[in-house]
Each structure stands twice: as structure tokens, then as C-alpha cells.
Amino acid sequence: MIGKTCSRCSSKPHRVPQLTYPSDQPSSNPKRTSDPIFARIVFACIVVSASLASSQEIEYRTLPELIESGSSSLVRGDFPQAAHAFNSILENYREEPVWLEGQLPAKILPLAGFASHKSGLHSAAILALETYLEHHATEANSEIFARYTLASSLLLDGQETAARTAFADLRQIAGHSPFRDLSLIREALLSDPQTAAKLLAHLLQNPASPRLATFARLQLIRIYLEEGDLEYARAQLLDTQWQEKRMPELATLSFLATQIADALLANHPADALKAYQLVQPKEKLIAAQQARISELNTTYKQLAPTLRTEQSMWSDHFRKSLAGLQKQLVQLSEAPSYYEAISLRKARCFSRLNRPLEAWLLLEPIANSSSPQARIAHLDWISVARQMQAWNASALIAQKFIDMYPDDKDAAQALFWIALSQIDQNSYQPAIVSLKKLLETNPTRQLEAASHYYLGYCHFMLGQHQIAIASFQQATHSAPDLPIAAQAQLWIGICQFTTNQLEAAIETFAQIKNSPAHSFLRPEAAYREIAAHYALGNLDEALPAIENWLSAYPAHPREAEARLLQGDLLQELGKLEAAIAAYAAIETADPEFAYFALEKRCALLLETDQSDTALADLKTYPNQHALPLPYAGSYTQILATSLENNKLHTEAQNAIELAIQTYGNLPKAGGILELIQQTTNQQASYENALANQQPTLASRYLVAQINTLQTQNQSSQAELKALQLATHFDRKHLPPEALLHAGNALADIQSHQTTDYFEAILISYPNSHYIDSARLGLARHHANLDQPELALAHLEQISLATPDSLSLQADLEYKQENYNAAQNSCEPLLADRQSTPAQKANSLLILGQIAQAQNRPTQAYAYYQRIFTLYRGEIEQVGHAYLACAQILSSQSRYNDAQSVAQEFLAQPNLLTHPARKKAETLLTQLAPHTQAPTSP
């Protein structure tokens, strides 16, 4: 019959947004369906079209013509024409027997619904599909497809609640198929976050499609992030093996991974690093987009020849889709690279994971590039170099930053890092220069205070305590409200303590202890205050104070030191048993500190005739702690003494010999030389050690022989043996005591290798008691080479001044006309009982010369006179003192007195060859015309 229609399917449809994902494409494999009409539907599902207007018209086509028109339109993707034809059948034939009694509704209704859906005729699609599902659905595949299309139409028609219900109904019957996953995803997108998360998680338990599973997981991560549940987002991201290589999932994964990594970076760098490694470089995204375009192009080229392209909405869709993807590709290509930003973040992860080398490898090329990230990468590079303790490198990198960014606000920070690197290398003078340069850059208040603080520290380490105090005071004035001010105040007290200003130190520590603002330093300040009282001799005040301290601060990091101080106080007060108990109460995991306590305790036990207890304690110690190598000798010495006191003489000698054999060939073992000097047949033992390839032990036997020769005043033979250490042994095998002797012997012959031996002590044995001797050796060597600045620099780093170091320092300071410093070096020598007569005479000579230079002849005369009065055996100084006194008297016109002193000089038989003798003879000749009867000076 001829149908006449004016149904809603003939009206112009409204335009709706295109669904971008998930695609409602069922499988295109024709083997999965036996129905040819359904096969056409499956084929049509691979395309997406825009709506097309159709005009109202009277339908004159027959039923077969409408079926043919709808089918052919559907195949070529002309969905509006297909919808028009199929809806015309529904409108015109639904009351006819052919419709009511046959299979026509089961065939036509799904096609009408699908075509209407693709044409944006949602109401028509809903009507057709609901009718089909209620009355005609018999085939499972057709029903699943129809329900999905119905739900999609409801969604596009704005009926979100009905659409969500339709998707939920579909997933109940879809079984384990992609339609179930599509339904879950659609339902999740229409649900609240909690429900959506449950639906997506359900999908992921047993997904039917890998790509839909990827999409679901990405959506789940996005939901967790939006809800602030970082832990679940992290788990979904990092507990998954991502194999995605296609767009747009690849781009979404990179974006979400960056968000999660940024959130994890501060506190979970290991997880952040894993997340950053999922971020694909721009080049890979471009390649994936190009592959997507190529795949779509290939599909279009394969299918287009079968269609009438000029009439096909399918072709138009392909062209628009390709144009959109090409536009995206251009935008992606023109977007700035984010590689450097991600690499910078990865480097920070490596740094936080204590993998600075990997961070360095990432940061260096960025810092040296023209990237916008170069500046911040350069700052991070400096920090990583410092983390690696590459002090020289960090200083060079920081200097390069300043050269590249001289006006940068972080230039001061770079200078600060340079200074810290120099301090870490014990290069205090260069650090002072860097810190002063920093202060000229108008730094922040915090950096200014920190700079003054570290200036104080550098000056303290150089022994310049008054300058250090001034710098620490500047730090407190720069930022009185910051913790560093309290730290600086504490160091002021330490400087005062170090320079024996004990009363001032006690006052400073008490101020810190009693200040509410300095509460975090209260235990430290209180401890140091007690130590100052002890040093001042206030034992009765210090003892109850340390006991109160121990009660107030249990388990404090200084507890072991406090108990050691308690033991020292009790020992000073004669309470020996209590002191022994205090030392025994020390608990520490530090083997070195444990040994200090053991040594003090055993000394008191031996003093109080408790040798058996001392012996038991000594034997217990190795079971609790590894014996520190520097104390191997002293431990053995105490053990041997305890054995001797217990009348175990053979065991004592065996203990010494066992220690020599056990530790003797270890360069870092200390005190071995002292043990060797208690043995006999040292020459035979030396030869035996050489034969057994024990070079370190052999060198120690040689040092023992050198010491013996020196005590016997056989200096030349001792020097020859010392030279053997330098010529017959590899430097790396020599212990510090042998390096010292070799260095001194080489210094005497001004060898260019001298510094190598002394510096080997400083580098390889920084905690040995030979450090100061090595610095003194270097100072003498540089003084002999007429390098006073270098010599003084080494002397300034000596921790405990000795008469030898003070005497050399005074000589150098006088030659540089630094008279005040020279006088400060000389005066302690005159009061020190350890000073030799030659050192004291030389000090008086320097003091006299300083007084003369400062026009104080009377004082100069007094200094010179003390030399030939008190130290007549020091020929060198005595001759110069005689001549100087005669010259002073002559300059004051006291000619007879001058003549008398000159004659006394010339009458000394031991001064006949003195270099000043000719000057004295000349002066005596000049005085002859002026002399009369002698007068008293």
C-alpha cells in the first residue's frame, strides 16, 4: 500500500554533541552473527555522523522500497535517510497485519532506533527501541545492542536518570561482554563519585576489553584525585602494568601520572619517581597521534570506494574527524616541551632517595641548556653536588651560576653554598671571603644572619676567637627572633670557654639556659655551664649541678658525656669509688666513647688496688664493642699493666706481642709504637716483618730505632734511618708516626716530596694525635722556603699550641712586622715550663727587637740583658743580646757602659766565632774617643 506520513521522524532533528568515548562500536567480525540485518547494524556501528535535516513530505514509496531505501542508506552511513525510511515503515504499517502478524517489527524497530539515534532523533529512537524491547526482542545480541542504543538516546535526550537505569539494566543481561563494560562506564559517568568508583572497580575485577579497562582505570584515578584520596589514586596508578600506546589514553595517563607524582614528591619520592616514569615525552605522544590519524585514514580509504562519497554523511564525518585530529597534532607539535620540567622533578626524587649521582646526570644538561628550567636546575645541581660531598665541584657550579645570573635573587644563596662547601673542606679563609662577598649582595635577613654565624665559625676554627665572638654577635643582631641567634649566643659562650674567659662563659650559658626563647638549647647550655664551673675549679657547685642535669634530662644525647663529667668531678673531689661507679654507669653504642670510660675506670681501679676488677672489665669490653684501631695500643698497655699487677707477667708480655702482631701492620692502629718500644731485638723484628711482607709493621720497628737513636743524641744516624722510611717504603703503607719522621727528614734536605708526607697524615689520619705535628712540619717546610703566609696558615690550624709552634709563629710574625701578634706568641713561651732555654732566649730576643722598633729602648735593654744573664748557654741569642745592649747604651751617650758591655761580649771564649763579633769590635773602636771612667748602666 501507499503510506502517507507526517511523523516526528520527518521533522528536522536538533544537533547534539558527538559522543567521543566510549565508542559504541560492537565487533565488526561478521562471524559473530548469523543475521544479515544485524551484520549491517554491526558494520554501521563503526561510524559516527552528524544529524542531517530532512524536510516534511508525503511518503509514496511501498514497503519493499522503504526497506531497500533504509537498508542502503544505513550501509553508506546516511543515517537521516535511513531513519526517515524505517520510521516511515513504523508510522505507516504498525496497524497492518504484515506488521502485527509477522517478523517485521523485530527487524525494523532496532534499525529505526539505531538510525534515529545516529541522526539525533532521540524521541523517535526511544519509541522504536522501547517498543522493540517490550514486545519483539527475541535474540540476545540484538537486545543488548538495542538496550545500549536506547540508553545512549535517553542520555542524549537529557533523561539522565532514565539513561542511568537503562545502562544498569543492560549490564545485568550483557554477560561478560564489552557492552557490559560500556554500560558500567556510562553508568559511572552518570553517578556520584562514590558510586562511580564502585562501578569502575567492579569492571576492573574482570574486564571484557583491555582498552575499556584502561579507560575505566583512568577514570577511577581521576575520581580519586578529585576526591582527594591520593593513596587510592597512587595504588591504581602504580600497581598496574601500563601497556597503553594509543591516544588519547596515553595523554590522559601522562597527565594523571604527573598530578599524582607532584603530590607524592615531598613525602614519598620513590613512588613519585615511579609515577614520573609513566609520563610519556611529547615526541611519543606525537607519534601516537600520527599513528591514530594513519589508522583512520587507512579505514577511510578501504571503505570509501564502496560508497557514494558525495552523498555520504559517513565520508563527511571521516573528513571532519581527520581534520580535528590533524589540528590536535599541530597544537601538540607547537606546544612547549615538558621534558626538562619532568626531568627536574625526577632529579629531585633521586636526591631525596639519596641517589645524587642520578640526579646530577639529569640536572647538568638542563642547567647548561637554554631551557626555562635551566636556572632552577642549576640551583638543584649545586645542592646535589653538596649532597655528594663534591665540595670543589659544588663551589665551581655555584660560581658558574653567579657568572650566568649575576643579578639573580638567588646569587646570594649560591655564594652561601660556595662558603659551606669551603667550610666542609676546612678551607676557612676562602669561606670567609665568600661570606663577606655574600653580605655585600643585600641578602635576606635569614641569609645575613647565617652568613655572620658561619663567619664566626670560620674565625673560631682559625683560632681567631675575638673576631669570632664579634661575628656571632652580628648574627644575633641580624635575626634575634630566629633559632640561629640562640645558636650564635651559644657559640659566644664556647669562644669564651676556649679562651679561658670562664666567668664570662658561665654568664653566657646561664643567660641561654634561663631564656624562654632559647628553651630548645637549655640542656646544652646547662651542660656547658657545668663544664665551665668544672674548668674554673668550682667542683662543689658543679657536682650537684651535673647530678640535677642527669635527673632532668634522662636519655639526652649528652647523657654519656654528662656521666663522664660526673665521674671526673667525683675523682677530683677524691670520691674514687663513686667515680668508678659513675664511669661504670655510662651506656653508649659509640665504641670510642665507651673506651674513654673504660680507660678512666680502669685507671682508678688500678689506683685503688682493684686490678682483678680492672682485668675483668678489660676482658669484657671486646665482647661488647669493636676495639677502635686508634686505641689498640693504649688498650693493650692497660691490659698488660692489669696482668702485671695480678702477677701474670708472661700473659702481659704475650698480650703485647699479640697486639703487635694483630694490629702492627694496620696503618690506622694507634699506640703500636709504644708497645714495640717495650720489646727487645727490634732490629731482628724489623727484618722479620720485611721478610713476611708486613711493611707497616716494619716501618714501626724502624721508627722505634729512630726514637732510640734520638734519645741517645745520635741525630745523624736517626736522620739516615728516617730517610729510609721515605726511600724504602711505599707512602700508602706508612702509619702516621712513620710519615711524620719521613716528612721531617725530607724537610731537612728541602725535598719537594716533603709536603706529600705531611699531607698524607692530614688526609688519611685526620683524628690522630699526629695532626698538629704534621701541620708544624708543613709550617717549618714553608718557612724554610721563605713562604711565611703559608707557614702561618698551617700554624693557625694547630689545635693545641706547643712551644715549638709558638716559637716558629713568633719568628714569622716578627719578620712580617706583625709586632702585636709576635708579642702574644712570645709571652706564653716565657711562662711555659716545657719551653727550652733556646726558645725562651729567642722569645726575649724578639721582644727586645719589637721594643726597639717601637722606640722603647729601656724595655728592649731589659729583655736583652735577661738573655745573657739567664741563658748563657744559648750562644746565638746571647751574642746578639750583648751587641744590642751595647748599641742601645751608645745611642744614649752612655759610652763607658757601652764599652763595658762590648768588652764583656768579646771576652767570652764561646763567642769567638759569633757573627755579631765583628760589629762589636767596630763599635768598640767607635766608642774609644768617648770613653772615660766606667759607670754603672
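**Exercise 1. Arginine 700**

Find the helix that holds arginine 700, and decide whether arginine 700 is buried or exposed.

*Solution.* Start with the place. Arginine 700 lies in helix α37, residues 695-711. Helices here are DSSP runs of H or I with at least four residues, strands are runs of E with at least two, and numbering goes from the N terminus. Next, the cover. The relative accessibility of arginine 700 is 0%, so arginine 700 counts as buried. Buried means under 20% relative accessible area, exposed means over 50%, and partly exposed is in between, with a 1.4 Å probe and protein chains only. Last, the partners. Leaving out residues up to four places away in sequence, arginine 700 touches Tyr663, Gly664, Asn665, Leu666, Pro667, Ala669, Ile672, Leu673, Ile676, Pro735 and Glu737. Contact means heavy atoms within 4.5 Å.

A note on the model: it is predicted, so local features need pLDDT of at least 70 and side-chain atom pairs count only at pLDDT 80 or more, while totals for chains, interfaces and linings use all residues. Residues are numbered from 1 along each chain as its sequence is written, and side-chain values use heavy atoms, with hydrogens and water left out.

**Exercise 2. The whole chain**

State how many helices and strands the chain has, and what share of its residues counts as buried.

*Solution.* Count the elements. The chain has 49 helices and 0 strands. Turn to burial. Of its 937 residues, 50% count as buried. Then take the surface. The accessible surface of the chain is about 45,500 Å², and 50% of that belongs to carbon and sulfur atoms. Such areas come from the Shrake-Rupley method with a 1.4 Å probe; for residues, only the protein chains shown count as cover. Finish with the contacts. Among those with a separation of 6 or more, 57% come from residues 24 or more positions apart.

**Exercise 3. Helices α33 and α34**

Describe how α33 packs with α34, and list the residues that meet.

*Solution.* Two packed helices are described by the angle between their axes and the distance between the axes. Take the angle and distance. Helix α33 (residues 632-645) and helix α34 (residues 649-663) pack at about 170°, with axes 7 Å apart. That makes α33 roughly antiparallel to α34. Angles over 145 degrees count as roughly antiparallel, under 35 as roughly parallel, 65 to 115 as roughly perpendicular, and the rest as oblique. Axes are lines fitted to C-alpha atoms, for helices over the stretch in contact, and angles run from 0 to 180 degrees between N-to-C directions.

Now list the contact. From α33 come Ala632, Thr636, Leu639, Ala640, Leu643 and Glu644; from α34 come His649, Glu651, Ala652, Ala655, Ile656, Ala659 and Tyr663. By class, the contact of α33 with α34 has 9 nonpolar, 2 polar and 2 charged residues. Nonpolar covers Ala, Val, Leu, Ile, Met, Phe, Trp, Tyr, Cys and Pro; charged covers Asp, Glu, Lys and Arg; the others, Gly among them, are polar.

**Exercise 4. Two residues at the contact**

Find what threonine 636 and alanine 655 touch, leaving aside neighbours within four places in sequence.

*Solution.* Begin with threonine 636. Threonine 636 sits in α33 and is buried, at 4% relative accessible area. Its contacts are Ala655, Ile656, Ala659 and Leu675. Go on to alanine 655. Alanine 655 belongs to α34 and is buried, at 14%. Its contacts are Thr636, Leu639 and Leu643. The C-alpha atoms of alanine 655 and alanine 640 are 6.4 Å apart, though 15 residues separate the two along the chain.

**Exercise 5. Helices α32 and α33**

Give the angle between α32 and α33, and the distance between their axes.

*Solution.* Helix α32 (residues 611-624) packs with α33 at about 145°, and the axes are 9 Å apart. Then the residues. Ser611, Ala614, Leu615, Leu618, Lys619, Tyr621 and Pro622 in α32 meet Tyr635, Ile638, Leu639, Ser642, Leu643 and Asn645 in α33. By class, the contact of α32 with α33 has 9 nonpolar, 3 polar and 1 charged residues.

**Exercise 6. Asparagine 713**

Locate asparagine 713 and give its phi.

*Solution.* Asparagine 713 is in the loop between α37 and α38. Its phi is near 60°, a positive value in a residue other than glycine. Asparagine 713 is exposed, with a relative accessible area of 67%.
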